[in-house]
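Student: Please take me through one part of this structure closely, beginning with the cavity. I am new to it, and a plain account will do.

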Amino acid sequence: MNAMKLQFARLLTAALTVGAFAATAMAQDYPNKPIRLIVPFTPGGVTDTGARVVADKLGARLGQRVVVDNRPGASGNSGTQMVAAAAPDGYTLLLGFDGTLVINPHVYAKVPFDTMKDFAPVSKIGDAVLIIVVHPSVPAKTLPELVAYSRTNPGGVSYGSAGTGSTPHLAGELLKIRTGANFVHVPYKGGGQSLTDVVGGQLPMLYTAVAGAYPFVQKGQIRAIAVSSAQRLASLPDVPTVAESGVPGFESSSWIGILAPAKTPQPIVDRLQRELHAVVHSPEVKERLASLGISASGNTPVEFAKEIQADLKKYAEIVKTANVKVD
């Protein structure tokens, strides 16, 4: 029996050694072809904008193109599942969004992935500040005026978000609870179409990330009511915070980051994290992200994993309080 155990131990050690050598060899040759970055939403939202800000620069540092591939559907679940099922070789990555990864598991009866088991967190790109915007036809210029208008307007005021259970959706629901506003949620498949509709006047109000809304606010095509950050943004100094607008302590942001399929070799994950950290903290990209209301991160895989786990717990409580469910 002892001899059999010894033989098994030797075989296991040999297998692990071969696996380690194979992973090292793969990492040393990585990347040798273009990398696909799956964005599980339509073009134009914060995930898409964040992806395109970093993709070219990341590709330049890696020596291969990083191609953004939009795969919307089911509030981000469809594209996210694609990455969960992809080969763990570093050539298919996910532009992760907190709404999909840490909220959807609580609002859907079943999601086609396990956030903590199916992915290898690489690094957080940054935290995106949320903003409340309205079409210029809405007769409200401040949050108190918007709340009052929603109470007197027949049917309330409809507000769009990137989807049921997304961070902007939950922020809107919490704002309703805190203010007594008559806001009616209208879910979209991503931030892009909801932004198009509020700019076009088909939707009166939108709760979204600053990243996508900023250019339209600058052009006067939509009106900024308030931001959900603790402090005003340098890029929008005249826009007050929600807390300043009569809701003390209200703060909400959304994060985006890059994840790989589970079992991706650690040397590849570490290489991606190092390069992404360098990209998001380069003066050009950091300034670009800041102008969009995104504070750069570039944290380690371990730090990112701990944050994801903590957010899963946090949003479980918020979803329960707001009673948010997808039919």
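This is a predicted model: local features need pLDDT of at least 70, side-chain atom pairs count only at pLDDT 80 or more; totals for chains, interfaces and linings use all residues.

Tutor: Strand S7 gives four residues to the lining of the largest cavity, the largest share. Residues are numbered from 1 along each chain as its sequence is written, and side-chain values use heavy atoms, with hydrogens and water left out.

On a 1 Å grid over the protein atoms alone, a cavity is a set of points where a 1.4 Å probe fits but cannot get out; a pocket is an open set with protein on both sides within 12 Å along at least five of seven lines, and lining residues have an atom within 4 Å of a point. Points are joined across faces, edges and corners, and a volume is the space filled by probe spheres set on them.

By this rule there is one cavity of 30 Å³ or more. The largest cavity holds about 120 Å³. It is lined by 15 residues, and those closest to its centre are Val46, Phe97, Ala162, Gly191 and Thr208. Two or more lining residues come from each of H2, helix H7 (191-200) and strand S7 (205-209). The lining has eight nonpolar, seven polar and no charged residues (nonpolar: Ala, Val, Leu, Ile, Met, Phe, Trp, Tyr, Cys and Pro; charged: Asp, Glu, Lys and Arg; polar: the others, Gly among them).

Helix H2 (residues 46-62) and helix H9 (residues 266-280) have axes that come within 9 Å and cross at roughly 125°; axes are lines fitted to C-alpha atoms, for helices over the stretch in contact, and angles run from 0 to 180 degrees between N-to-C directions. H2 is therefore oblique to H9, given that under 35 degrees counts as roughly parallel, over 145 as roughly antiparallel, 65 to 115 as roughly perpendicular and the rest as oblique. The crossing is right-handed, that is, the near helix is turned clockwise from the far one by less than a right angle, with anticlockwise being left-handed. H2 touches H9 through Val54, Lys57, Leu58, Arg61 and Leu62, and among the H9 residues in the contact are Arg271, Leu272 and Glu275; contact means heavy atoms within 4.5 Å. Eight nonpolar, no polar and four charged residues make up this contact.

There is also an open space to compare. The largest pocket has a volume of about 280 Å³. Its lining has 19 residues, with Glu251, Ser252, Ser253, Lys314 and Tyr315 nearest the centre.

H11 in turn packs against helix H4 (residues 98-107) at about 45°, with the axes 9 Å apart. The two are therefore oblique to each other, and their crossing is right-handed. Tyr315 is one of the H11 residues in this contact, and Leu101 is one of those from H4. The contact divides into ten nonpolar, one polar and two charged residues.
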